[in-house]
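This report concerns side-chain contacts between aromatic rings and between charged groups. The sequence and structure are shown first.

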Amino acid sequence: MNDDADQQHPVPAARPDVAVSAGYAADRLRRALHTSLTHPDPATRSRASGRMEKWRAVLAGMADGTLAVGSRTPVAGLPAWVTPEVVRGGFATGTPAAGGPLAPYEEEAARRSGVPADRAALFAHALTEDGLAGLWQLLDSGRYEVALPEEAALLTVAWLVRADDFDAAAELLARLRPFADRLRFLPRPADRPAADPNAVHRRTVGEAAAALRSRRPKEAVEAQREALSVWRPFDDELLAYWLPRIDADAAAPARTGVRDGGARAPRTAAPCAEAARLLERYRGLAANHTRCGRHRDPKSNTGIMLRALEAAAAGRRHEPRLAGLLRHAVASAVAKRGRPGSPEHARLRAEQARQAAQPAHHRIAAAIADRLAELDQGAGTPDVDGPVAPIGAPEAEATGLPAGTAVPPRLRQVVAGALSAPPETLVERGLVPSAEVLAALVPQLVANATAARHADPALRTLAAATYRAFRNRRSLLLLHYAHQVRVDELPWVKAVAAHGTDADTGARARAAAHAALRRVGDLAVGAFPGTLLPNPLVREMSHLAQQAELSAPFTEELAADIFMGGFTPKFLAAARTAADLLDGSLYARYYGIDCAAVRSMAVVHAAEGLGSPARRPRTVAAFDRLCAERAGGDAGRSWSPAANGTVIEQAQILTTHNLAVLVRYADVAPAAGWEALAGECLAAVCRLVTRVQGHPRPLGTLKDAAYAWRQMLFHLSLCPPDRQAAFVEHAAAEAARQPWHTAARLAPAVAGLRLVAAGGAFEADGTALGGLARRFQGWTTAGHWMRGRPAG
């Protein structure tokens, strides 16, 4: 995903002032090679082989200088607007994502148009009268897809020509023509127009159907089914054969055997035909039903009865030891399950038969996938209940499944993932489990809010499709405060930027963007109050703010391993927004923030920045020093990710990591209320700290808990003072109710909260009351005080 940030993108560890080491790429190549050779799944091995080739390309490009890792234009000869193929960590492979062999739809377009099957010919044909007519038809119908932003380029040219803006069309063509033989500029025809702009979905119907069809029988379940349906009934046959013989032996000892240590051995004078038939039946079952192997254990009850059966079938006299084992096996089987035909035995076998008759989940999944095949495979569906209704009579006849068979919850969940509905509905139904998942859905909404600035419906549809495709662009590894390519840098987006926008349309577009920003903010803060807003979500909100013409300084989470030691001006602007909102609040007092000093710093920086933009520094030195000093170190970057993390955390504390900006610029006010959100944050803190006990590497968990604690303080600071006081006491009681190790770890943090709420303050080192009270933060260069084993 692209990141509209003016800061770094999370990437593998590397010193930021030198060329990015090839070590990370070599390690990824090594891992992919190992997986491609050793993984048991052929599909996984195949995917690993594909990754291996990409990492080879990365290393080759780095070696011959055709790849400039860390740059906005990492591939030699390709401008920034060309979508690069990017692998894990933000490394470009050197191949444009819209390059490679012709896609099937391009081959079909060439065949239909009667031109050679190459991109240059397709590009030239698109500019002919017939080609433009076809593009205009797509524009009007909306029946096209744009998977990569380049695929919207020729549609944009066609729209400009129809709008009589030949100069803009010619200028755009001049930018595109040098790449006409390499890049895919044609859209993909589709069977349907664009989906409902207010509905989003996590997966398409086709993806849900594929997931259902991929389900395979579970070996353990099928083994149990075989045991219940095949081997337990055969055990009953064995027992039914031996019981009367054992009973007869017990009733007439003189006729049935001789004594040997108190055990009687049944005598067989001639081969027994019944035993031979039963033995032959066993051998057939063993050959055809191989999942269960217990019957092959000679020491099991079944194994003992089978050994005795072989002797009976051969007419051999039982060994005295085998006779004793046989009596014990028969007695054990009867004691365990009852005599065949008895009520308790009948009940047991009836229940086992019922369990064995239950259809396998993979068979039900296949039936549900068949139902989904009747729906649009490329979109979500507003109805996810109909496809998971119980199996009907016609389906029962076609599939062999019992009529009325209910769909198991796990299969229902697969189908539910294709629900197409407003994001609020998806959150309410538990289909959006994290802020990261929400961030993946939001571009579908933002695209339509962005496109609202255009008056022409066809251009709105095209703009929305372009934006959605652009958000599929993966972020590059960037250094030196470079920012990712933004959607308005695409030549075809620039070409139509001012088209069809009158004053009324512009006002409506700004209002729509502002409403969408508040909607997204309410969703993110209300649904995931204890979670940092992920960078993709921050990016979407920043874009909406720009569309709404709000100067909202959204800030992204920075990567500690490539932190450059400074912060761009928007971080100070965000800190100023937080200082205005939280001056004198519980949050500011807890973290020791001098809000007046932050405001003064922002005023000074604004005055210094009145000169030429080219001469302005990329970072704010005063803010950099403030964060470093609050972290307990000197300004400037460090080679220690932990030391960098302490500085970054201070910037997040000062800015509230976008919460204050959302309240100030987006008017975010979650329906649940700030106190309820603070309570959810507290629950998250308790849950996370509980996981620390026995955790071999708990620092990541502690950082997440500290972030949730900080979110809690922010939400609480927006509550009335009397509710704050009540909540602090509630927090103390809630922490005390946790498991002993959790309560012990939280005790210093709770003591610090109570101290500040009562008007006290921490010492410079973040402690108070002789170390009994501590400020809870996540990053540290020493051992975290919560990490050690608490006294029990």
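A residue is called buried under 20% relative accessible area, exposed over 50%, and partly exposed in between. The model discussed here is predicted.

## Aromatic pairs

The structure contains 21 aromatic pairs. One of them joins Y24 and W55 in an edge-to-face arrangement, with 6.0 Å from centre to centre and 75° between the planes. Y24 belongs to helix α1 (residues 23-38) and W55 to helix α2 (residues 42-64), so this pair ties together parts that are 31 residues apart in sequence. W55 is buried, its relative accessible area being 3%.

F567 and F571 form a tilted pair, because their ring centres are 5.2 Å apart and their planes meet at 55°. F567 is buried, at a relative accessible area of 0%, and F571 is likewise buried, at 3%. Elsewhere, ring pairs connect Y587, Y590, Y591, W674, W709, F714, F762, F776 and W785 into a cluster.

## Charges over rings

Arginine side chains also lie over aromatic rings. R245 is placed over the face of Y241, 3.8 Å from the ring centre. The charged end of R664 sits over the ring of Y665, at 4.7 Å from its centre.

## Salt bridges

The count of salt bridges comes to 31. Within helix α1, R30 and D27 are three residues apart, about one turn of the helix, and their side chains meet in a salt bridge with an N to O distance of 2.8 Å. D27 is partly exposed, with a relative accessible area of 24%.

A salt bridge of 3.4 Å, N to O, joins the side chains of E219 and R291. E219 lies in helix α9 (residues 219-251), whereas R291 lies in the loop between α11 (273-288) and α12 (301-314), so the pair ties together parts that are 72 residues apart in sequence. E219 has a relative accessible area of 49% and is partly exposed.

## A buried bridge and a network

E540 and R471 form a salt bridge in which the closest N and O atoms are 3.0 Å apart. This pair links distant parts of the chain: E540 is in helix α23 (residues 535-547) and R471 in the loop between α20 (457-470) and α21 (491-495), 69 residues apart. E540 is buried, with a relative accessible area of 0%, and R471 is buried at 1%.

Methods. Residues numbered from 1 in each chain as written. Predicted model: local features only at pLDDT ≥ 70, side-chain atom pairs only at ≥ 80, totals over all residues. Heavy atoms only, no water. Phe/Tyr/Trp six-rings, centres within 6.5 Å; stacked < 30°, edge-to-face > 60°. Helix = DSSP H or I, 4+ residues; strand = E, 2+ residues; numbered from the N terminus. Buried < 20%, exposed > 50% of the residue type's maximum accessible area, 1.4 Å probe, protein only. Lys NZ or Arg CZ within 6 Å of the ring centre and 35° of its normal. Salt bridge = Lys/Arg side-chain N within 4 Å of Asp/Glu carboxyl O.
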